[in-house]
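Here is a friendly briefing to read alongside the model. Have the sequence and the 3D view open as you go.

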Amino acid sequence: MARYLLNKLWQAVVTLLLSALVVFVGVRALPGDPALALAGEEADPATLAAVRADLGLDQPVIVQFGRFLSNLAHGDLGTSIRTGTPVTDLLAATLPVTIWLALYATVLAVIIGVAGGALAATYRGRWPEWVANAFSLGGLSVPHFWLGLLAILYLAVSLGAFPASGYVPVSQNPLRALYYLTLPAVILGTGLAAVVMRQTRSSMLETLSTDYVRTARAKGLPRGKVLRDYALRNSLIVVVTIIGLQLGGLISGAVVTERIFGLPGFGKLTLDSVFSRDYPVIQAVVVVVTAAYIVINLAVDVLYSVINPRIRVGGES
């Protein structure tokens with residue numbers, strides 16, 4: 001296990017370095033000049049030159065990249081060109097919003113997806129399977145932005161069941177925060193719930209046809225115990241993989257949902273930084289998202305041995 005974790009850690013470091021290089025070069029290939037965006041369209045050449053020198057944009061790219069890596073190694077993500085605020089402060093203010101939204105959406109998606117998939121596999125060819133298939137098809141087909149607009153129109157404006165926008169910090173009032181996050185989390189988690197539902201159904205159908213499940217039934221074990229302890233538990237390995245991959249996608253893909261519901265999260269920060277060519281913030285966003293993917297995938301690998309003790313991480317026996 002220790003050797004496996006060390007191997008994963010050095011791979012994570014290499015991945016972070018490569019992603020930092022790609023985003024560093026990529027943001028500088030974007031059209032537009034951050035110095036011009038900061039100084040204004042009417043700025044004279046001398047002012048633009050002074051702004052570039054102050055931001056370090058007048059130096060060679062290799063020097064800028066070396067300084068970026070040095071600062072990153074010391075935990076310094078730089079200062080926002082647009083606001084002059086340290087990037088770490090911006091992330092500390094916005095990242096918790098997105099993390100809570102993604103976690104809440106994941107919990108709802110897992111509950112709905114696993115329950116729906118299990119019911120569809122258990123009652124194959126009957127109405128629970130038809131309902132589950134219809135839901136999963138709709139969840140994968142309907143765009144989130146359109147579903148979010150419909151939810152605001154009917155559930156927030158017409159019925160007043162949920163707020164149309166706004167946010168309350170979890171540390172300030174947890175119940176109020178969940179109330180504001182429920183509708184965005186449902187919209188964000190719809191796609192994940194559909195994927196989990198389809199994978200759970202498919203995996204359970206395959207597991208139900210295995211010899212050890214038939215043996216358990218032949219021994220006279222209760223139907224609920226066979227489904228729960230034999231079929232569902234062994235099916236969760238595939239589901240955990242899907243959840244791990246999709247959770248990172250939720251963090252990076254919450255941009256549209258946060259924009260629709262006016263949440264002051266990671267997505268809004270990302271869009272604002274792209275529009276203003278705020279290099280330090282864009283670079284920090286990519287590094288944080290990459291790190292989130294790496295940590296989540298490592299956690300998924302470790303969870304394999306927890307869900308099924310017969311599986312040992314790294315091929316151990």
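**Where H6 meets H8**

Glu129, Ala132, Asn133, Phe135, Ser136, Gly139 and Leu140 of H6 are in contact with Thr190, Gly191, Ala193, Ala194, Val195, Met197, Arg198 and Arg201 of H8 (contact means heavy atoms within 4.5 Å). This is a predicted model, in which local features need pLDDT of at least 70 and side-chain atom pairs count only at pLDDT 80 or more, while totals for chains, interfaces and linings use all residues. Residues are numbered from 1 along each chain as its sequence is written, and side-chain values use heavy atoms, with hydrogens and water left out.

- The residues of the H6 contact with H8 comprise seven nonpolar, five polar and three charged (Ala, Val, Leu, Ile, Met, Phe, Trp, Tyr, Cys and Pro count as nonpolar, Asp, Glu, Lys and Arg as charged, and the others, Gly among them, as polar).
- Helix H6 (residues 127–141) packs against H8 at an angle of about 140°, and their axes are 8 Å apart (axes are lines fitted to C-alpha atoms, for helices over the stretch in contact, and angles run from 0 to 180 degrees between N-to-C directions).
- That angle makes H6 oblique to H8 (under 35 degrees is roughly parallel, over 145 roughly antiparallel, 65 to 115 roughly perpendicular and the rest oblique).

**Overall fold**

- The protein has 13 helices and zero strands (DSSP runs numbered from the N terminus: helices are H or I, at least four residues, and strands are E, at least two).
- Of its 317 residues, 39% count as buried (under 20% relative accessible area, with exposed over 50% and partly exposed in between, using a 1.4 Å probe and protein chains only).
- Among contacts between residues at least 6 apart in sequence, 72% join residues at least 24 apart.

**Nonpolar cores**

- The largest nonpolar core holds 41 residues, of which Leu101, Leu188, Val196, Met204, Leu250, Phe261 and Leu263 touch the most other members (such a core is a set of buried Ala, Val, Leu, Ile, Met, Phe, Trp, Tyr and Cys residues joined through side-chain atoms within 4.5 Å).
- Helices supplying at least two residues each to this core include H5 (87–122), H8 (174–208) and H10 (223–253), and H8 gives the most, with 11 residues.
- Beyond its neighbours within four places in sequence, Met204 contacts Ala118, Ala121, Thr122, Leu227, Ala231, Leu232 and Ser235.
- A second, separate core of 11 residues includes Leu95, Phe266, Leu269 and Val281.

**Helix H12**

- In H12 (residues 266–275), the buried residues include Phe266, Gly267, Leu269, Thr270, Asp272 and Ser273.
- Arg277, which follows H12, has a positive phi, near 55°.
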